[in-house]
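Here is a short briefing to read alongside the model. Have a look at the strands, the helices and the ligand sites as you go.

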Amino acid sequence: MMKQLVVLSGKGGTGKTSVAAALAVLASRERKIVLADADVDAANLAILLDPIEEERVDFVSPETAAIDPERCVACGLCAEACRFDAIPVEDSVYRVDPLGCEGCRACLWVCPEDAIRMEREPAGFRLRSRTPYGLLHHAHLFPGAENSGKLVSEVRREARRSALDGGADFILIDGPPGIGCPVIAASTGVDLALLVAEPTVSAIHDLARVRGAAEHFDVPCAIVVNKWDLNPGKTAEIERFAARDGLEIWGRIPYDREVPRTLVMRRPITECPAEGVRKAIAEIWEAARRAMDDAGDPFPTRG
Amino acid sequence: MILAVASGKGGTGKTTVAIGLARAAAAEGRTVLFLDCDVEAPNAALFLHPEWEEERRVGVLLPEVDPEKCTGCGRCAEVCAYSALAVVNGKVLLFDDLCHGCGSCMRQCPEKAITERLHTTGSLHAGRAGAILFARGVLDVGRAMAPPVIRELKRWKLGGAGGPGRLAVLDAPPGASCPVVETLRGADRVLLVTEPTPFGLHDLEQAIGLARDALGLPVDVVLNRADEGDDAVERFCEKEGIPVVLRIPFDRKIAEAYSEGIAPDHAVPEVGRAFRDLLLVLAGREGG
Ligand code: SF4
Ligand code: SF4
Ligand code: SF4
Ligand code: SF4
């Protein structure tokens with residue numbers, strides 16, 4: 001049965017993408033996998049995976065309003081109705097700020113002069129690329145474009161289709177930071193979320209929040225601690241958190257300055273010269289495989 | 001000056017820089033407001049330890065239909081841009097999670113059958129951290145929409161905060177879509193914190209595309225862990241004519257202090273001086 005695993009972190013920059021790329025490398029040696037980069041705001045997985053682009057499909061934004069200056073009589077009703085402060089007025093000229101507009105149409109319904117139309121703009125594109133490790137589905141969202149949740153859902157739908165067509169049994173998803181709509185879109189219906197945390201007060205704070213969000217959407221979790229020896233005391237705190245919540249810790253990646261050097265060369269950390277790092281990644285993949293293969297109960301249940 | 005500190009990529013040190021600047025300005029006796037707009041991962045309080053004084057719940061206004069007045073005409077469902085309403089067998093159904101609280105259904109209902117109630121999706125907190133006025137928004141776990149919480153936070157505390165001699169520091173969320181747009185709108189300038197890696201460069205391009213190109217704001221760059229990568233970010237900034245106003249070398253002491261929730265200038269005094277200098281540079285830009 002096809003399994004889906006999403007890598008999340010709450011706080012950004014804890015090593016989510018590095019872990020996802022390394023797992024992709026190791027998983028692809030044994031399995032047929034499909035990859036999805038669901039962090040469409042900051043899509044970085046491709047940087048580490050030597051992709052060759054195969055398909056590019058435009059993505060249009062949700063609607064935004066526009067005022068026709070020929071028809072507008074500057075009555076101001078639209079600005080009054082807009083709850084998103086998206087219709088500023090300057091020298092009694094009303095115009096829509098497309099970056100503030102949420103496309104709710106409230107202005108359109110109240111305008112007595114029928115001066116408002118709804119428009120759609122290109123908002124980015126969705127990509128399918130071939131990598132040495134499997135097909136990669138990713139996307140590029142234009143800066144400021146709205147609704148990354150919707151684009152995330154499209155990326156995941158395409159990844160699922162590729163996996164079904166190609167007989168892959170594992171979809172690995174690099175998720176976005178935070179706990180809001182893109183994270184929800186990236187993790188609904190997955191079999192497991194792997195949470196990457198650093199031993200810092202902020203990462204621990206956000207770990208609890210992303211864990212809460214996953215629980216809210218019924219997604220079981222496991223934990224990886226990155227740079228664990230930067231602060232062993234905080235790592236112990238993460239371990240206590242995991243024990244209390246019945247979560248498995250799949251691995252502890254040591255802090256090593258060879259890691260950023262490897263990433264700067266655009267190589268996954270499976271190629272990091274530091275042996276401790278490579279060993280930790282191998283253990284994480286072992287744990288992931290075990291969890292996937294455990295047929296009756298595919299992923300560890302929550303305590 | 002309303003200064004937004006943003007980053008594109010998460011974990012580049014955005015909060016560290018925002019805190020460092022706020023503390024440097026406060027140490028000089030300026031009136032400083034710090035707004036943590038990263039409502040999905042609000043961390044600045046872990047470093048500034050404010051004493052909370054005020055709290056309020058915020059969210060979206062959800063419609064409520066009075067079945068006595070409703071005739072099942074379907075107008076509300078027709079005007080809703082998000083299909084958050086449906087009329088089934090003459091009864092109105094609302095899908096809470098889809099509603100943006102725009103008020104159209106209420107305004108357009110011919111029977112005046114709709115009223116609104118606040119559906120809370122987050123909270124705002126404010127207090128004092130020494131001389132710094134501190135406020136943050138926190139999105140409730142399990143809720144999808146960060147922008148309304150950010151919007152309410154700014155409406156609550158930002159009014160007048162950017163006046164002469166004052167400094168408002170907005171700690172923005174990572175990324176380059178809706179929550180960042182909501183934070184950056186109305187700022188005077190943006191400081192983008194990045195790292196000299198291919199990830200940092202890619203996400204910096206996104207952040208510049210938003211802050212400078214789409215929003216038309218003046219932009220400066222801070223390079224964190226400046227010695228831990230390549231020179232691609234520097235070359236990019238030079239080509240684009242974007243000043244790199246501060247380079248912070250990697251320092252295990254800063255990283256360890258950060259992990260304990262200790263402000264960077266507290267751990268390494270030179271960093272505090274660097275932030276004071278940076279403030280002067282930014283103030284000079286604003287003036288000239
Ligand atoms: S569509 Fe909605 S958000 Fe956009 S300008 Fe009109 S009222 Fe404002
Ligand atoms: S409601 Fe219509 S006519 Fe009135 S200011 Fe807005 S666009 Fe112009
Ligand atoms: S528009 Fe008003 S009367 Fe018509 S279905 Fe909706 S709530 Fe009922
Ligand atoms: S308030 Fe707006 S978004 Fe919510 S149900 Fe009414 S029309 Fe739809």
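In this predicted model, Glu64(B) stands opposite Thr115(B) in strand E6(B). E3(B) and E6(B), the latter spanning residues 114-129, pair in the antiparallel sense over 14 bridges; two strands pair if DSSP finds at least two bridges between them. Helices (H or I, at least four residues) and strands (E, at least two) are DSSP runs, numbered from the N terminus.

**Sheet of chain B**
- An open sheet of 9 strands runs in the order E3-E6-E7-E2-E8-E1-E9-E10-E11, with mixed pairing.
- Its edge strands are E3 (51-65) and E11 (244-248), each pairing on one side only.

**Helix pair in chain B**
- H7 (residues 198-214) and H8 (residues 232-240) pack at about 25 degrees, their axes 10 Å apart (axes are lines fitted to C-alpha atoms, for helices over the stretch in contact, and angles run from 0 to 180 degrees between N-to-C directions).
- That makes H7(B) roughly parallel to H8(B), a label for angles under 35 degrees.

**Ligand surroundings**
- The shell around ligand 4 (residues with a heavy atom within 4 Å) includes Cys80(B), Cys99(B), Cys102(B) and Cys105(B).
- Around ligand 2, the shell includes Cys72(A), Cys75(A), Cys78(A) and Cys111(A).

**Reading notes**
- Residues are numbered from 1 along each chain as its sequence is written, while chains are lettered from A and ligands numbered from 1 in the order in which they are written.
- Local features need pLDDT of at least 70, side-chain atom pairs count only at pLDDT 80 or more, and totals for chains, interfaces and linings use all residues; side-chain values use heavy atoms, leaving out hydrogens and water.

Terms used. Angles under 35 degrees count as roughly parallel, over 145 as roughly antiparallel, 65 to 115 as roughly perpendicular and the rest as oblique.
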